[in-house]
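Biologist: Please take me closely through one packing contact in this model, and then show me what else can be described around it.

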Amino acid sequence: MKLRNHLRTYLSLLLTLVLFYQQPHAQTDTQAASDRLDKATIHQALLDLTNPWTVMCVAAHPDDEDGSTLTILRRKYGVHTVSLFSTFGEGGQNAVGPELYEQLGVIRARETMAAAEVQGSEPHFLGFRDFGFSKSAEETFRAWGEKELLRRMVLQIRLLRPDVIITNHDTTSGHGHHQATGRTVLQAFDAAADPKQFPEQLSQAGVWQVQRLFVRSRGQTDASTPTVTLDPNETDPVRGITYAQQALEGLHKHATQGPWPKTVPAGGARPIRYGLVRQATSAPPLPANAKTPLDGLSLPAAEAEKLTPPTIENKPLTEFLDRRLELLVSLLNAHRRGVFTAAKEIVDTDPQRFKLMSSRLDKAIAAVSGASVGLVSDSDALVPGEDSRLNAVVANAGVAEIQIKQLNFRGLGTEMKLNAADKILPGTETSAEVKVVTPKTLALTVPAAEHLYDGRLFGEPLTVEAELMIEGVSFVVTNETNREVAPEIEIVDLDPSPYVITPATSQKPLEFKVKLKNHLASDFHGLLRVSGQSLETGREINIPATASETENLVVRSPLVLGAPNQDLHVDITVDLPNPKEPIAKRSVPLVYAEALVVGGRKVGYIPSTDQTLERSLAALGVDATKLTVDDIAKANLSTYNTIIIDNRGYQAHPELIELNSRLLKFVEDGGTLLVFYHRTGEWNPDEKNGRPQLAPYPIILDDERVTQEDAPVLFLQPKHPLLNFPNRITQKDFANWVQERGLYFPKEWDSHYTAILSTHDAGEPPLRGGLLVAPYGRGNYIYTSYVWYRQLRAGLPGGYRMFANLISYGRRKEK
Ligand SMILES: [Zn+2]
């Protein structure tokens, strides 16, 4: 019976194949590339059938995952790999764009998804708030809750059921988030297996015993700790590049955290070494020459037998990549034989592993037969109350006829069978309309930054599931995609917000730039209004279907400011001509900062990645010009009194290093050069990379930070003009700071500099180099490690007052 079946399948598929290949088709470059991709996909699907193990990598932030090991385990061995991140990384810096805080978290979550795509892993997030750099696990536990961190981590371990956990984090070094994550994973290892821990999770997840826990070792490990070393420099025969190169490609997806090395070092990436720090009592010992952290583990015999991968002539299926027909026959037969299924009593001991492997078999059949499903729509978002206009597509890119037994849609609170054709011929696709209205009550998912922690960050999940059949064997192909849920009209961006006013600008009209997106399939005609603080003005707008437009909104009536410290804001709304409820609304805080700049000052500035300098200078009413690298090379800089180099400016514009003599000449001739913070490795002299000392007198940076926003600030030179002119700076100007005081503080500086301020985190020695000023030639040079830009962005009056003093400092000598 079995043999007859086999033969019938083989002959019938062969016939289709012959017919298919008689049609002429040109082999183009794109086709060659897509063939290789196709080959890698099929190879991965087949390799996945040989490995029933799951490895989890635990990390504090996006980019802390061990991309190399994740890549090796999946791409070389077919291990099911998942990564678990404590945060979305929103407290970090942004090397490529203006987004910070929750907006940065959204980007970093997406970067993590893209990196995981390269690594072949599956990312999960615990969703703790990344409140910026912290120096101890205790500080992190205070913010997150020590038990809450353990609870969420245990739940994910119980749900994802890893056999082995790896982490880059130890319990004592680096960022407090790293230490807290490193400490908690040790506890979670035991807690996940203990039914007395978090018993309320058991109905959802059940207990789970992880077999081994490894911590990355970078220094010496004591000889009693068993270790495993992985070499990422081996070439992946399927993809033609090394695993280290693939991992670096993944790392590049974390672009906001760059710059990353462009290539793997010439001598190869360093081997990766892990020390075994916990193991289950029943776990076999790690073999002395283990190649992976899984080596030596085995499943109970009854289970292992049922999870034996299919073969052809006793050889792994991956050896038959060019023989698609034989592969398909072998997979279909394996399915008929019931591979990866077992009697209930065996499955019940380890249901998730059987589920994983069965779904991997279905995926392999889909990959080899060229079957796929997808969901397409002509708009990128779902609008509550509107028809959702979706189409489910089933495609057959293979050589065998595929029958569609069932096509289902799940999502938007409903589940439905779709009307589809009953078969698809090779090289064709068929689609079925999904007739569903997006419920009026469905919660929005935009702006994404407001949904970082509520589980709606990635949008509304929509699933298409097809039960397909080839030669009497049925298999399931699933596609889950996410769609944003958006209002009819969305205020995508509003600039500036907060709106800062100073004495020089308080009488000027308010000007807002409002970026709107019409999510409807029809034109929108309505009103854009501003109201509040006794202002009331608006104008008509017209936005074509599905278009985005930026509208200027100018408010000419003077602003009436109430008593100081009163909550000031205006509302920007989009209304229909006869408004009941506004369709979209955002509040813009108004800030009045008593910050004065010396009259007649002309300022040039070189922004790095955001518009903080531009907006702050505008708020101060300063005559300011945005400068390019080209301007620094060619323009007459002597027309400026002050030039500002933004945070990490020499990193954002490496050409400035070559042009530094022009900047120093500007100072020599009487200008004030104000340089904001740089990272140690972007600033300190580095002969190998051709970077000289950039300041006129040496300044050497260290990695020291002051992370407490309320750390005491001592005025070392209380009479210095920087603290007195034109604005008298007091302790009040350092109140209510956001995120931190500063970072990468200088450890050494030349005696020409005067140190103005000192600050330090509790229990640490004072850092006196955060604001340094020196006369040079006829001008002045200022370097500062304080995070003025975060205070300026947040609309902190003290930040504006000090910034005004910095740009007012020094006077160009009359010629
Ligand atoms: Zn980190």
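**The contact of α13 with α20**

Modeller: In helix α13, the residues Leu613, Ser616, Leu617 and Ala619 meet Tyr800, Phe803 and Ile807 of helix α20, where a contact means heavy atoms within 4.5 Å. This is a predicted model, in which local features need pLDDT of at least 70 and side-chain atom pairs pLDDT 80 or more, while totals for chains, interfaces and linings use all residues. Residues are numbered from 1 along each chain as its sequence is written, and side-chain values use heavy atoms, without hydrogens and water.

Helix α13 covers residues 612-619 and α20 residues 797-808, and the two pack at an angle of about 90 degrees with their axes 11 Å apart. Because of that angle, α13 counts as roughly perpendicular to α20, a label given to angles from 65 to 115 degrees.

Elsewhere in the model, five strands form an open sheet with mixed pairing, in the order β20-β26-β25-β22-β23; helices (at least four residues) and strands (at least two) are DSSP runs. At its edges lie β20 (499-501) and β23 (535-543), each of which pairs on one side only, pairing being at least two DSSP bridges between strands. Neighbouring strands of this sheet are turned by 20 degrees against each other on average, direction ignored. Within the sheet, β22 (residues 524-532) and β25 (residues 569-575) run antiparallel and are joined by five bridges, and Arg529 has Thr573 of β25 as its bridge partner.

A further open sheet has three strands in the order β10-β12-β16, with antiparallel pairing. Its edge strands are β10 (371-377) and β16 (428-434), and each of these pairs on one side only, with a twist that averages 20 degrees from one strand to the next. Strand β12, residues 390-396, pairs with β16 in the antiparallel sense over seven bridges, and Ala395 has Glu429 in β16 as its bridge partner.

Thr550 counts as partly exposed because its relative accessibility is 48%, a class that lies between buried (under 20%) and exposed (over 50%), with a 1.4 Å probe. Leaving aside residues up to four places away in sequence, Thr550 touches Lys513, Val514 and Lys515. The C-alpha atom of Thr550 is separated by 9.4 Å from that of Val492, although the two residues are 58 residues apart along the chain.

Methods:
Axes fitted to C-alpha atoms, helices over the stretch in contact; angles between N-to-C directions. Parallel < 35°, antiparallel > 145°, perpendicular 65-115°, else oblique.
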